[in-house]
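I opened my notebook to jot down what I looked up in this structure.

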Amino acid sequence: MTDTDLGPAALAAAGAPTRLLLDDARLADLRSRLDGDLAPQWRRLAEQCDLYRRTAPPTEHPLASITYLGPAAANLALAYRLTGQGHYLEEAWRWISAAVSFEHWGRAHLPDHDLDAGWLLHGLSLAYTWLGDDLGSERAEALRAKLALQGQRLYDFAVANEGSWWSSSYWQNHHWICHTGLATVGYALGERAWTERAKDAFATVVDVLPADGSDMEGVVYWRYGVPWLATYLDLLRHTEGVDWWDRCRFLAHTFWYRLHQAAPGYEEIVDHGDCHDRRSGHSVALYRILAARYGIGEAQWLADTVADRFFWREAYESGVRPGVLPEAWAELLWYDAAVEPVDPATTVPPQAAFEDLGLLVHRTSWDDDATLLSFKSSPGGGRTAWETSRRIDAERGWDTLSAGHHHPDAGSFVLASRGAWLLVDEGYSNRKRAGHHNLVLVDGQGFAGEGRYHVYAGAPPTRTADMVDILAEGGFLHGRARTGRMYPEELGVESLERTIAVLPSGRAVVVDRGRAAEPRSWTLLFHADHPAEEVAPGPDDAGAGAVRHVLRNGRAGAWLTTYAPGAAGAPAVERVVTDVEANPTSSTPDLVVTRRMHTLRVTPPAARDLLAVTVIEPFDAFRADGADGRDGASGPVARLLPARAGVAVDLGDGERAYLAGPDGVIDAEGVRTRARAVLVAGGVTRVLGADA
């Protein structure tokens, strides 16, 4: 080993790059633990480096993304620094030299100015400082010159485009990745203008991200983008001694957002927003650093669980690249053995509300076969981004929101049960439409401004949705999504709102109310992975304008009964196929993701006013003996109760839901009150929004 173990000041004085993140004391500590508590992390790093040995970097720049070259350099350089074994040094140079040889970083989209540049500047800059003089003067100079060229290109682009695209898109993963790359190369080469540019940008980011930790881009881009926030804050702390971890309330709380967007069993995800698939959701490295910085034992537990049970399936089935495998270097550096793992099932309530994104989540338990419903409604980008971006834009003449990954899905929900999906979102789409979600169409039309990638771009300040009357605790969930402003003005929609109440059993009541200036066709959409089967309504449904369907997917099943009380007749029903095809990244033009959904369309007779009540009763499709009161043979038991004001549903087994009408009054079978909801289950009554 030729490592001189000089400190940063001595290295700088000798003309060698300062080792980023690895001062002498930390390096010695890491080396001493490689056969101890860091043995699993070392094994991951060694396996990843062996994967590089068995493959080859491209000799010519491919049309597809080359982001993976950055972490390849970092992983191999860290393995060398920890062990001093020369083969890691030579392998690192094989991958570094490929990146150095390319005239530009990125071919298909914004060469030198976007994700490829950000990823490579970060990884190669770490490698440059970790390998130091051992790289040899000729190689080191070639790498230094390339980093200087690419860093200058990225910096110039950021300055020239301030106020537009990623340069000032504070809520967007491109902003975080590119500025972290710029900061890393700036620290490596001593370019203060670059590090200050990144620091100024992140100073805004940490203050304007939603404090509840929710991410409008969805779980897939959470796992892709949020690690870069952690990467920058870690870099800032180690290089400048500036600690923004407590200042960034988003990072302090974002693990809980991710946890509640895990499907039962933790392996798959709730796929609100742009999601390539339902499996691209985990970052062991990010869980490790959130556990370390905030003492979150549940994050440590999830990191262990993923590493032990899910890691390789995600690595090879995820549609997001470069994916989890190249994060080996961060898994090692960010692991803190002092944080004891804590099973979330022992500490975390199964209901949660993230009000910035208008996101409500209910699960019957943390068991693998639980039932989960996730319901959301907010302005574009979430409340904080919508309001703050408009203030900044008005003050500076900028365009900062960039919420292209946020779908037109206000008022939509998804449902999973017993290890399978029953009601679903479409995943990724380039031409985003409300009709791809479990929403309401008006005369066949969805939201204003839809049919494009960024449906919120240029939207007037009044085109907003929200979530009110929130209850998410004690086994109960309730929320009212107000979405009428999202529709085109020519439809004359005066109001449209969806109320969802979920009881401890997982049974749910969905009430849709709307009013328009003239009669309209109101179409309720229910998307599933498999076709819904129509069944005859029950004898208690006579006169209620009821249509009934059953959803089945493996062990999961649910009765879906929609009532149109007061309508001129029963709703019309269509079952159609909805195909969505999209390219999720402009840097890889030939990458296509597809999803086929089987769509149930329920349309009551045209009217000015809409009142539709949908009751969802999950059941075990593998049981026909009536056990637990819910199975595929005995049929649904819920029934609509007579009500003079509001909606009342008897869900069976002692569960009832009473939901107010527009006037906030409930008057039905023994319940008469001014309240938003009265929910009853297991001898417990919860009253929401009652007058004092």
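I began with how α6 and α10 sit against each other. Their axes, lines fitted to C-alpha atoms over the stretch in contact, come within 13 Å and cross at roughly 40 degrees. α6 and α10 are therefore oblique to each other; under 35 degrees would be roughly parallel, over 145 roughly antiparallel, 65 to 115 roughly perpendicular, and the rest is oblique. I noted the crossing of α6 and α10 as left-handed, meaning that the near helix is turned anticlockwise from the far one by less than a right angle.

Which residues make the contact? Leu-115, Trp-119 and His-122 do so from α6, and Tyr-224, Trp-228 and Thr-231 from α10, with contact taken as heavy atoms within 4.5 Å.

A note on what I'm reading: this is a predicted model, where local features need pLDDT of at least 70 and side-chain atom pairs count only at pLDDT 80 or more, while totals for chains, interfaces and linings use all residues. Residues are numbered from 1 along each chain as its sequence is written, and side-chain values use heavy atoms, leaving out hydrogens and water.

Next I went to the cavities (sets of points on a 1 Å grid over the protein atoms alone where a 1.4 Å probe fits but cannot get out; lining residues have an atom within 4 Å of a point). I found seven of 30 Å³ or more. The largest cavity holds about 220 Å³, a volume being the space filled by probe spheres set on the points. Nearest its centre, among 19 lining residues, lie Trp-119, Pro-227, Trp-228, Glu-327 and Trp-329. α4, α6, α10 and α14 each give two or more residues to this lining, and the largest share, five residues, comes from α10.

The second largest cavity has about 80 Å³ of space. Its lining includes Trp-171, Trp-176, Phe-250 and Asp-356.

Then came the pockets (open sets with protein on both sides within 12 Å along at least five of seven lines). The largest pocket has about 630 Å³ of space. It is lined by 32 residues, and Leu-115, Pro-584, Thr-585, Ser-586 and Ser-587 are the closest to its centre. α6, α8 and α10 each supply at least two lining residues.

The second largest pocket has about 400 Å³. Glu-494, Ser-495, Leu-496, Glu-497 and Arg-513 are the closest to its centre, out of 19 lining residues. I also wrote down that β9 brings the largest share of that lining, five residues.

Note on methods
Helices (H or I, at least four residues) and strands (E, at least two) are DSSP runs, numbered from the N terminus. Axes are lines fitted to C-alpha atoms, for helices over the stretch in contact, and angles run from 0 to 180 degrees between N-to-C directions.
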